[in-house]
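Visitor: I would like to go through this structure one point at a time. Please give the cut-offs as you go.

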Amino acid sequence: MASEEELFASVDALLNEEPHLPPPAERARLREAAGITQARLATALKTTTQSVKNWENGRSEPKSPRLEAYQRLLKGWAAKYPAPGAAPAHAPARAASTEPAASRVETADAPQAPAVPAAAPARPATPWPAATSRRPATKKAAQPAADPRFPHGPLAVLDGDGCAYGVDGIMLDCPATTVPELVEWTLRESGLGAPKLNRYGKDSDPLIVLTAAAAVKLGLPERLQGHEQRRSLRLPEDHPVVKQVAKAKWRLTQRGFGPWARIYRKAQGRERQCVQLAILSWDALDERSWPGVTEMEPADIARVLGVYATRVITPRGSTAVSGLELMTALRPPTRAVRDEATGNWVSAHNPGSLGTEPMDPAPPEATPEHPVVVDSGWSGGFLDEEAYQWVRDVSLLTDEECTLPYAVGLDLNTAFLAAAARLVVGLSAPDHFHAPAFNPKIPGSWLVDLSHVEVDPRLPSPFTPDGTRPTGPAWYQTHTVAYAQELGYNVAPIEAYLRRETGAYLDPWHDRLKNAYVDTLADLGVTRELSDTEFLAAMERHKDVDPAMAAVLAAIKATVKGGIGKLRERPQGKKYKEGERWPALQRPTWRPDIRAAVISKARVNMHRKLTNMAKMTGLYPLAVLSDCVVYPSPGESPLDFLPYAASGKPQPGGFRLGPTPGLAKLEGVQSMLWAVDLMEQDHNPARHIKGGDAVLDEGE
């Protein structure tokens, strides 16, 4: 039986608990029942009308001493104006709750969030119009239930007034005035974060985005000066904020306090203690990847980044960094397994992942400055698997082509992403072979002479980035050699570096980014159900439908290209010396062979379509640049030259219009005279067809 002291201790604990407020909808009902306006209530509590609105729609919660005063007022109103159907005050304890029935239904089966000082809003209002989509509601994938550990979403944008804008219109009061206080608030009170993307992965650390005013309030300079390269921007180690962080026993990563600062302590058990900061006025969001975002209001910035975080990953740096981090998040290097000898759970390699240790490439897969090349004295050549940069010889233009009035550019949607689908890559270290038999199913690098392969001179060679015919033996990735075999030619490898362990490492990365791309285009009114004519019209206006979603789309595309590029990140800085190891080499994801596989497959896919187009239509391209191809055309639309069957359906094998990766969209239209003039000047029309002559001064 409990003692008197234990009972009094329990009662005191209840008395010391923070006041509990009724649900937001009930707060509004009670105020309206009392006939009091929001403005009058704000005056009585010495706050703003907007704050009262936020309390009543769940976007924020009052703090002491207003919290206690507001609770007292609501209790008084509840006694005078009980909810319809509520039991009287003297009813037994098991009587019905005064909470509205609709609210009870919505929350009865929901998991309970852990106690968070800043109470989680029930259903925050959204201050912006919902994005439009023409897809039927029944086809919309169900959204996963919110993780109760992170009731306020993955991130927040902090302004200079201490208001943190989260996803779905949430607004939180942030009292922090220093960076250490901000970190503590984020981890202990904000309710921010995101669940792991794979059962063996890690939860995403919360992200706080600082506006210029917020940065200054926290003691940071509005802008960083004195560095030529953006990647070198960081606070000096003797800056007061850096000292504050160290004094509070927090740590910074080796990159220091820059535009993307990670502040952490060593994890305690399974609990990670890490917060990511992004400082807008330090150019954390590159305009090329996040067009117009830094000029938006904080709530809209939170919307853009929140959608990206939900569909892709919580940003952890540039879109390229995020693209690479997404690979690891979806394919964690380790998993928990039970040790048969001890019965304990231990960390082991996760099959299908790249593991935890960096792996040196084969010499032909490396870059000239790589230690495996410099230390070995390798001089046997390198893979040259790059995207197309090809222009047809002007002398090969026919009179019929020159009389066509237009040059029309087609751009393949996220061509590298399409190439990553079902792509088998090497997972283990390369083994060296001499005169091996070619096997198109084994990923690796092959030394082969493909100079005997005949290709129509009006098409680029599928084996070189500049489209010229090979002149002798060279190193190629498996897909390139397999295409020569597909064309009917014999291939006899001289040497090869092959990998015994293989897998479709990029499959989950492809699937997640494909869904993000398609869903975001659908939010902009571009859906799979559209006819080709409707698709072209929708693409012409999609950026104006919703600038925020258009920015998300741009970031997704940048994530694809940047992530693939990061697989072979080169050394940075003037101080680097050839043969030294650079930081990127310490990552298991420094894999130039995987990058080569993606680009090889993308280039082969492009050539296959070019060849099929020539067979079906008799048309040959004027130029190709990566995923853009320019054709002479009798009209201003791709519909004037793309192949269609008698039924009206697109012919398989050629270029097809549509919103999914690998399908095409209109890149731009110019006159044929304009294109020929550029070709005569050794410029690539595919580079400039979107913007015309205005971009010629950028150079090739």
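**Contacts and strands**

Visitor: Is R311 buried or exposed, and at what relative accessible area?

Guide: This is a predicted model, in which local features need pLDDT of at least 70, side-chain atom pairs count only at pLDDT 80 or more, and totals for chains, interfaces and linings use all residues. Residues are numbered from 1 along each chain as its sequence is written, and side-chain values use heavy atoms, with hydrogens and water left out. Buried means under 20% relative accessible area, exposed over 50% and partly exposed in between (1.4 Å probe, protein chains only). R311 therefore counts as buried, with a relative accessible area of 19%.

Visitor: Which residue meets R311 in a salt bridge?

Guide: A salt bridge needs a side-chain nitrogen of Lys or Arg within 4 Å of a carboxyl oxygen of Asp or Glu. The partner of R311 meets it at 2.6 Å, N to O. That partner lies in helix α16 (residues 507-523), 212 residues from R311 in helix α10, helices being DSSP runs of H or I with at least four residues, strands runs of E with at least two, both numbered from the N terminus.

Visitor: How far apart in sequence are D593 and R499?

Guide: The side chains of D593 and R499 form a salt bridge at 3.5 Å, N to O, and both residues are buried. They also belong to a salt-bridge network with E365 and R591. D593 lies in helix α19 (residues 592-617) and R499 in the loop between β16 (495-498) and β17 (502-503), so the pair ties together parts whose separation in sequence is 94 residues.

Visitor: How many residues of strand β11 are buried?

Guide: Strand β11 runs antiparallel to β19 (residues 628-633), with six bridges, and to β20 (residues 664-671), with seven. The strand, residues 406-412, is largely enclosed by the rest of the structure, because its buried residues number six of the seven.

Visitor: What is the angle between the planes of W55 and Y70?

Guide: Rings of Phe, Tyr and Trp (its six-membered ring) pair if their centres lie within 6.5 Å; planes under 30 degrees apart are stacked, over 60 edge-to-face and the rest tilted. The whole structure holds 12 aromatic pairs. W55 and Y70 form a tilted pair, with centres 5.0 Å apart and planes at 40°.

Definitions and conventions: Pairing = 2+ DSSP bridges.
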